[in-house]
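Here are my notes after a pass through this one.

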Amino acid sequence: MRILTLRTCAVLLSACTQASGAGTTMQTQGYALAPPAFKTFCAKEKTLCDTRGKTKVVDLTGPRKAELARVNAAVNHRIAERSDVSTTGKADEWDLPKDQGDCEDFAILKKSELLKLGWPASALLLTVARSGKEGHTVLTVRTSQGDLVLDNKTSAIRDWSRTSYRYFARQSQSNGKVWERIGKAGQP
């Protein structure tokens, strides 16, 4: 009986470990205002604002996971972090960076690089959050393992619900010019 109990405990522990490692998805709760500089950016870069497509969730295979890691690390390494005020003289300016930019510029470049690799625009969503008292933008990638965050502050790719940010809005998957409020976490 003791062996059966130990074996049962091992099986249950394994199942709990796997469940706790599973990712979560962002549940949206209706319309949100887009960041002010986003509209001007979309007028210049229509392709990078687009989120239309049939594939809403990418199957996160080993090679796909490696692509995410490569793009996230490469952009974080290649772009120097600089505020919009120091680079453009404006309080907020969204742009595709060449060698320097702030958080949304990093997220935009990551989206651009992933699109070039064949990732669907409908799974690559610009997302705004709070980091302490400051606004912060990341790229959310909708995957079979949950919604993952590509962030300029780290090369680690994490499930959105396992970061220190307070998320409040992201691009809609059906219309990239529309933003949606973010609610609680759900299961993929």
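Predicted model: local features only at pLDDT ≥ 70, side-chain atom pairs only at ≥ 80, totals over all residues.

1. The protein has six helices and nine strands. Of its 188 residues, 43% count as buried. The protein exposes about 10300 Å², and carbon and sulfur atoms supply 55% of that.

2. On contact range: take the contacts between residues at least 6 apart in sequence, and 65% of them join residues at least 24 apart.

3. How do α4 and α6 pack? Helix α4 covers residues 62-78 and helix α6 covers residues 103-116; their angle is about 135°, and the axes are 10 Å apart. The two are therefore oblique to each other, given that only angles over 145 count as roughly antiparallel. As for handedness, the crossing of α4 and α6 is right-handed.

4. Who does the touching? From α4 you get Leu68, Val71, Asn72, Val75, Asn76 and Arg78, and they meet Phe106, Leu109, Lys110, Glu113 and Leu114 from α6. Sorted by class, that contact has six nonpolar, two polar and three charged residues.

5. Stay on α6 for serine 112, which has its place in that helix. Is serine 112 buried or exposed? Its relative accessibility is 9%, so serine 112 counts as buried, the limit being under 20%. Neighbours within four places in sequence aside, serine 112 is in contact with Leu48 and Leu96.

That second partner deserves a look of its own. Leucine 96 lies in the loop between α5 (84-88) and β3 (100-101). With 26% relative accessibility, leucine 96 counts as partly exposed. Leaving out neighbours within four places in sequence, leucine 96 is in contact with Phe41, Glu45, Leu48, Ile108, Leu109 and Ser112. Leu109 is also among the α6 residues that meet α4. If you want a distance to check, the C-alpha atoms of leucine 96 and lysine 110 are separated by 9.5 Å, at 14 residues apart along the chain.

6. Last, over to the strands. Glycine 183 is found in β9, residues 179-186. Which residues does glycine 183 contact, leaving aside neighbours within four places in sequence? They are Gln27, Thr28, Gln29 and Trp160.

Notes: Residues numbered from 1 in each chain as written. Heavy atoms only, no water. Axes fitted to C-alpha atoms, helices over the stretch in contact; angles between N-to-C directions. Helix = DSSP H or I, 4+ residues; strand = E, 2+ residues; numbered from the N terminus. Parallel < 35°, antiparallel > 145°, perpendicular 65-115°, else oblique. Left-handed = near helix turned anticlockwise from the far one by under 90°. Contact = heavy atoms within 4.5 Å. Nonpolar A, V, L, I, M, F, W, Y, C, P; charged D, E, K, R; others polar. Buried < 20%, exposed > 50% of the residue type's maximum accessible area, 1.4 Å probe, protein only. Areas by Shrake-Rupley, 256 points an atom, 1.4 Å probe, with all protein chains shown as cover.
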